[in-house]
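Here is a briefing on the chain shown below.

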Amino acid sequence: MAVKLTHDRSYLYRRLAAACKPADRLTVSAWADRHRVLSSKQSGERGKWKTARNPILREIMDCLSVTSPISEIVVMKSSQVGVTEATVNWLGYIMDHAPAPTMVLMPTLESRDSWKVQKLNPMLTETECVRDILGGLRSRDAANSKDLIDFPGGILFLAGGNSPNSYAQKSVRNLIMDDLDRFPSEIGEEGDPVGLARGRLKAFSRSKLLLISTPTVKDASLIEREYQASDRRKFYVPCPACGEGQSLKWTNLKWNLAAELVWYECEHCGTCLEEHHKPAMLAGGVWKAENPDHRRRGYHLSALYAPIGLGPSWLDLAQQFVLARQDIPTLKTFINTDLGEPWEDQTSSLKSNDLLRRVDDMALRSIPPGILALTVGIDTQDSWLAITVLGWSESGHRIIDWHEIQGDTTRLEVWDELELYLNTPLLNSFARSMRYRGALIDSRGHRGEQVRNFVQRPGLKVPVFAGQGSTTRMGKAIASSPSYPDKTRRGKITRGGFGLWNVGTEYCKAFIYGALASDTDRAPEDRAFQFGQGLEVEYFDGLLSEVYDPEARRYVQKKGTRFRRNEPLDTLVYAWAVGAHREIMIGRTRQGKADPSYWKRLEAMLEQQNSEPSNLVADSDKIAGLNELPDKIITPNPTSPGRTAIAGGRISVGGLRRG
Ligand SMILES: [Zn+2]
């Protein structure tokens, strides 16, 4: 029976209903203050949890409460700031107070197991109300079970995030992804781990997703990506001298020469603040959003905020920094784990739009004076081939062409087109024909067999090699001899058969990115890499698709769909590496020494004084043999002018080999 209540009576009923369920109003921080006991197994202090001891955690915990409308929380943090304990508090709160299906995802099963033993189990066995809920014996069972804990009204799944199975089937209301930056960036064929995790929450209208990590490398860090797409909160603490609020910044921490005296300089009044000022500053702190219109919460925590006795002091941090800055990987660890900030490599400062501005007036496929040799790098995909033609001068390089041959690469037509492309020389601005000195094709991936057949084609007029990225750290661009994958029946390798050339991809990328970064301050004519007109921003996204991780000591892919296509980088690596191949040796003697006379000889052949540079686009109609070429080769990219500046393969360049 429906009863229409007056305003006052409905209010009264609501108040009564709320009073009958007092537990619903409990926040996670209040629950922790009431129930949580810290054991000796955890770092820091034993005894009753006090949120006031580490006030920076209060708001983070409270948006995990059932009463909070916040559904996604991102925490980009340094280590040792207590976030893991706050997470465990939330799990205790869920079990005791707000039961629901819940999942904790760690990067691997191993990291899950050690987290369970070190962080979760002490809470399960030493927090009385949780122990009661699980029941004496059962709490020990719970402590022993690795992948799930059953409790009244809910279940807690504990999973390792490196397997697609971890994400399948289970539907939960609360989900924690801890140590997010250690997750694989792609889970199987299914893609982004955060997207997969979010899929687990769909069945619940008031779900919560908590993402936590120390960041790694800028642009390659998942937690940085997620934090950027949040309201980006920083903790503002009041200055004891002037009262102005500020977020603590590493640049304002100062120390004397010996790093024995350390102070924090207020950014407003310049007062030197000392460690003993910290408790009052933290107690008076508030979170402020940089990006307040965003619905998802983002929190950034650095060890500068560590309460006295619970983490490193300012003095500890200064001394660690002084030691760390002598060694790049150690410095990166310091920036990530103490400051909670992503490491910024010099290559992270390169931006696609900046490189786009380096594009000059000369069209792709035209060869300006000074470019005296050409090499080709080719990458194979299932449905296209990507090609970079690299021009070499005595002082640098130029991207001469960036081209894709579309088509199913299991079919011969695509490879026929590649053969024609490679066999067709380009004309330089002195109308001299230039054949490619060598080409290198990536044989990894699904098309190893096709690559193998291609490089052995008798009709190829340029040397073409099959390459693979080296699994060891090679200190050079390309191996001095190939490896032979074929074995005889007796297990002996068949020399002289099909050879695979290992490419020092890390070495090549370091060279290319280093050159691109140092070009920033150079005049266009002095740059180590020049780019022809027709290259677009997507090309440069691909070229800049990786960034160096000094800790892992390798290049890693940047996060974001615009960086998925890395063929511009891979093909440039191959085109550059093949220049150092023992049979190619551009600008070098057979022994690998720099050879200035190499360039003189080529210049005499290709840019003789009696021939004037010609305007290629205007002259292209007069070039003999042009009509013999199929259209698709002549104008691979109809949007870029100057593509017609190629001629048939009739002009011999055999003389070059003698050079
Ligand atoms: Zn001040």
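Which residues in α2 meet which residues in α4? V28, W31, A32 and H35 in α2 meet N89, W90, G92, Y93 and D96 in α4. Contact here means that two C-beta atoms, placed from the backbone, lie within 7 Å. This is a predicted model: local features need pLDDT of at least 70, side-chain atom pairs count only at pLDDT 80 or more, and totals for chains, interfaces and linings use all residues. Residues are numbered from 1 along each chain as its sequence is written.

**Overall make-up**

- The protein chain holds 22 helices and 27 strands. Both are DSSP runs numbered from the N terminus: helices are H or I with at least four residues, strands are E with at least two.
- Of the 659 residues in the protein chain, 41% are buried. A residue is buried if 20 or more other C-beta atoms lie within 10 Å of its own, exposed if 12 or fewer, and partly exposed in between, with C-beta atoms placed from the backbone.
- Take the contacts in the protein chain between residues at least 6 apart in sequence: 72% join residues at least 24 apart.

**Nonpolar cores**

- The largest nonpolar core has 83 residues, and V75, L105, L175, L211 and Y305 touch the most other members. Helix α4 (residues 83-96) gives this core its largest share, eight residues. Domain 1 (23-338) and domain 2 (364-658) both contribute residues, so this core lies between them.
- A nonpolar core is a set of buried Ala, Val, Leu, Ile, Met, Phe, Trp, Tyr and Cys residues joined through C-beta atoms within 7 Å. The domain bounds come from an automatic or database domain assignment.
- Leaving aside neighbours within four places in sequence, L105 is in contact with A159, G161, S166, L175, I176, M177 and A197.
- A second, separate core has 64 residues, including L385, A386, L426 and Y574.

**Helix packing**

- The axes of helix α2 (residues 28-35) and α4 come within 9 Å and cross at roughly 85°. α2 and α4 are therefore roughly perpendicular to each other. That label covers 65 to 115 degrees; under 35 counts as roughly parallel, over 145 as roughly antiparallel, and the rest as oblique.
- Axes are lines fitted to C-alpha atoms, for helices over the stretch in contact, and angles run from 0 to 180 degrees between N-to-C directions.
- Helix α16 (residues 505-518) packs with α18 at about 100°, their axes 10 Å apart. α16 and α18 are therefore roughly perpendicular as well.
- On the α16 side, T505, C508, K509 and I512 meet L572, V573, W576 and A577 in α18.

**Helix α18**

- Helix α18 (residues 567-578) has 12 residues and reaches 16 Å from its first C-alpha to its last. This is close to the 16 Å expected at 1.5 Å a residue, taken as 1.5 Å times one less than the number of residues.
- α18 is mostly covered, with 12 of its 12 residues buried. Among them are E567, D570 and W576.

**Local features**

- L124 lies in helix α5 (residues 109-126). L124 is buried, with 24 other C-beta atoms within 10 Å.
- L124 and L91 are 33 residues apart along the chain, and their C-alpha atoms are separated by 9.5 Å.
- Q80 is not a glycine, yet its phi is positive, near 60°. Q80 sits in the loop between β3 (72-77) and α4. Q80 counts as partly exposed, with 17 C-beta neighbours inside 10 Å.
- D179, also not a glycine, has a positive phi of about 60°. D179 sits in the loop between β7 (174-177) and α8 (193-199). D179 counts as partly exposed, with 19 C-beta neighbours inside 10 Å.
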